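Please examine the structure below together with its sequence. The paragraphs that follow lead through the parts of the model in turn.

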Amino acid sequence: MRSLRIFRLWLTTSFRAAPLPMAISTVLVAARAVTAPTQTYGVSRLVDGLAADRPSTIGWGIGIIVAGLAVAFVADVVGFPLQTTAQERMAGRVHADLLDVTTGIPGLAHHERPDVSDRLEIVRERAWRMGAGSEVLLWLFGTVTNTVTVLSLLGSVHPLLLLLPLLGTARIWSAYLSSTRQQKAWEDSMPQERLVDRLIEVAKDPRTGLELRVFGLGQVLLDRIFSLQTERFRRRVDAARWGGKVDGAVRLVFGLAYAGAVVWVVARARAGEQTAGDVVLVLLLASQVDQMTGGIAQNVYWVGEVVRSFSRYDWLREYAKDNSWKAGTTPAPARLTSGIELRNVGFAYPGADSAVLSGIDLRLPAGSAIALVGENGAGKTTLVKLLARMYDPTTGQVLVDGTDLASIAPDSWRAQLSAGFQDFVKFELIVREVVGLGDVGRMSDEAAVGLAVSRGDAESVVAGLPRGLDTQLGKKFTDGVELSGGQWQRLALARAFMRERPLLLLLDEPTAALDPEAEHRLYEQYAAAAKIAAAETGGITVLVSHRFSTVRMADLIVVMHQGRIEEVGTHEALLAANTRYADLFNLQARAYR
Ligand SMILES: Nc1ncnc2c1ncn2[C@@H]1O[C@H](COP(=O)(O)OP(=O)(O)OP(=O)(O)O)[C@@H](O)[C@H]1O
């Protein structure tokens, strides 16, 4: 059932990508596939005609041979460019579909589940090869047509001769086994391949160069890459050797059978049971069977490759369908009136056994600024991801003004968010784009970008650049400028401030690279502007920080511990309660004294 679906997907993708070239090619391929055996039949007619001196049979023989030549010529000349077109269009189509499928999955789970990311990686890497799917499909059709024609002709001489193509299938089978083994070796070495790529990236990246040198890690890294590469090659070479041995043995058996068949037909002809034309037919057809099975054996790898690629592709499409969160179609509200509420929220990362968050009950009132604090791994970032709906909670609900976030269309919700993260992306683009990306629709709005730069306290960064907002960032470009960690971070913050009135602004340690004073100044300035905006839209700010001088400015502080909420309150109330928050605050305050 599934294999039928995969074949249908392969067929429909090929024909949808290039309907006309594929339709014409199919006809041409069929015509081409019957020419060689039919011409062989023509030769046998000619020989029989000459032997019996029958002009009409001679005429037939010559007519078939010439017609075959003409068909082969037209099919080759017209077919080649058409097949190339079909192949190119197919590759483009698969790439476009793939983008559609992956961007259609709204959450992050597919990046974090190794089984999904592996398949995604393989399909992405092989999308161009899948383009050959249309060619392989035509080849397959041609081969089937050719086989049927050859079988009918051989059977017409003597049914026993059908054993010859049957033996040929052993060769196809051995090629299939060997290709599956090679594919398995390839897939088994995928994790090593990814690790090697990652290590090479680390080794090449100038930003990691400093630590590598300080800790003398260069050689360690090289040794690790080398041993992983050796292991990866060993698996693949072993599989290729095994395939070579099996194929050699099967070919030997086929060669002996071929020789036996020729001897047998010649003996029958001498006994007057077959004609001379029959001997010629078998001689020529048997070599065609050899070529045909050899061709199939060689192409079996490609057929397998295409089938496997389409099977992964099919799996991804199904996965995307199951994870598309299509149920959520309600548009996000334009403003918040009561706020966001987490009700008994629990969450476990995909594939993980234990929950990272449990029993979270929390109200984020409209218009408020909330700070999340807690030790490393307490679950702060995870909570932020649930609010951004990168994941759905495993248990419980997130309610936005009473509406379940799961029923809100993810794109519509994201359009109302803005965010700044500690692990922000260093987009190596022109500065105005680096900032403007925070609100793509207003990227070319000079005033909006300028305002975001000032809100992100990045004016001094821009002023120090040779071409201000038009400066290219990144060392990879000849005129590109590299920034310090703190400077990059200010631009990332400016990007987070591009959307002026988000309903939810998520700031997950976006100022960790700034000094505490700069961070304090920035938030003071931000808080004043946020209050005005919040009064209009009810927008909520959620801030994750380890710096209590910043945290204390929040309206409400949420203290998290091991995936649960331990305390909630204002700075003063929590200090007065003299529990974990007070301990942490006093510890940090002492360090600064
Ligand atoms: N993608 C993931 N897959 C599986 N587990 C994860 C993933 N991301 C985080 N975790 C685990 O979830 C727990 C909470 O992590 P989270 O990043 O939410 O903590 P945090 O409070 O933000 O920590 P920090 O202060 O260090 O940033 C940790 O135990 C972490 O190992």
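This is a predicted model: local features need pLDDT of at least 70, side-chain atom pairs count only at pLDDT 80 or more; totals for chains, interfaces and linings use all residues.

The residues of the shell around the ligand divide into 4 nonpolar, 6 polar and 2 charged. In total, 12 residues surround the ligand, and the closest are Tyr349, Asn376, Lys380, Thr381 and Thr382.

The average pLDDT of the protein is 85, and 93% of the residues score at least 70. Confidence in the protein is highest in strand S1 (residues 339–347), at 95, and lowest in helix H4 (residues 109–112), where the mean is 63. For the complex, the predictor gives an ipTM of 0.97 and a pTM of 0.63.

H12 lies across S1, S2 and strand S4 (395–400), and it runs at about 120° to S1. These strands belong to an open sheet of 4 strands with the order S2-S1-S4-S5 and antiparallel pairing. Strand S2 (357–365) and strand S5 (403–404) each have a single partner strand, so at these edges one side of each is left without a neighbour in the sheet. As a general principle, strands of a sheet pair through backbone hydrogen bonds, either parallel or antiparallel.

The pairings can be followed strand by strand. S1 and S2 are paired in the antiparallel sense over 6 bridges, and phenylalanine 347 has leucine 357 as its bridge partner in S2. S1 is also joined to S4, by 5 bridges, and the two run antiparallel; here glycine 346 stands opposite threonine 395 in S4. Between S4 and S5 there are 2 bridges, again in the antiparallel sense, with leucine 399 opposite aspartate 404 in S5. How many residues lie between S4 and S5 in their hairpin? There are 2 residues between them, and aspartate 401 in the turn has a positive phi of about 50°.

A further sheet is built from other strands. This open sheet has 6 strands in the order S6-S7-S8-S3-S9-S10, and its pairing is mixed. Why is one side of strand S6 (417–421) and of strand S10 (564–569) left without a neighbour in the sheet? Both strands stand at the edges, and each has a single partner strand, which is why one side of each remains without a neighbour. On average, neighbouring strands of this sheet are turned by 15° against each other, direction ignored.

Within this sheet, strand S3 (residues 369–374) and strand S9 (residues 556–561) run parallel and are joined by 5 bridges.

Finally, attention turns to an annotation from a record. In an unreviewed entry, UniProt lists residues 57–80 and 136–154 under "transmembrane region". What does the model show in these two stretches? Over residues 57–80 the chain is 100% helix and 0% strand, with the end C-alpha atoms 34 Å apart. Residues 136–154 are likewise 100% helix and 0% strand, and there the end C-alpha atoms are 26 Å apart.

How values were computed
Residues are numbered from 1 along each chain as its sequence is written. Two strands pair if DSSP finds at least two bridges between them. Axes are lines fitted to C-alpha atoms, for helices over the stretch in contact, and angles run from 0 to 180 degrees between N-to-C directions. UniProt positions are given in the numbering used here, feature names are shortened, and annotations may be inferred rather than shown by experiment. A residue is near a molecule or strand if its C-beta atom, placed from the backbone, lies within 6 Å of it. Ala, Val, Leu, Ile, Met, Phe, Trp, Tyr, Cys and Pro count as nonpolar, Asp, Glu, Lys and Arg as charged, and the others, Gly among them, as polar. pLDDT is the predictor's confidence in each residue, from 0 to 100. Two residues are in contact if their C-beta atoms, placed from the backbone, lie within 7 Å.
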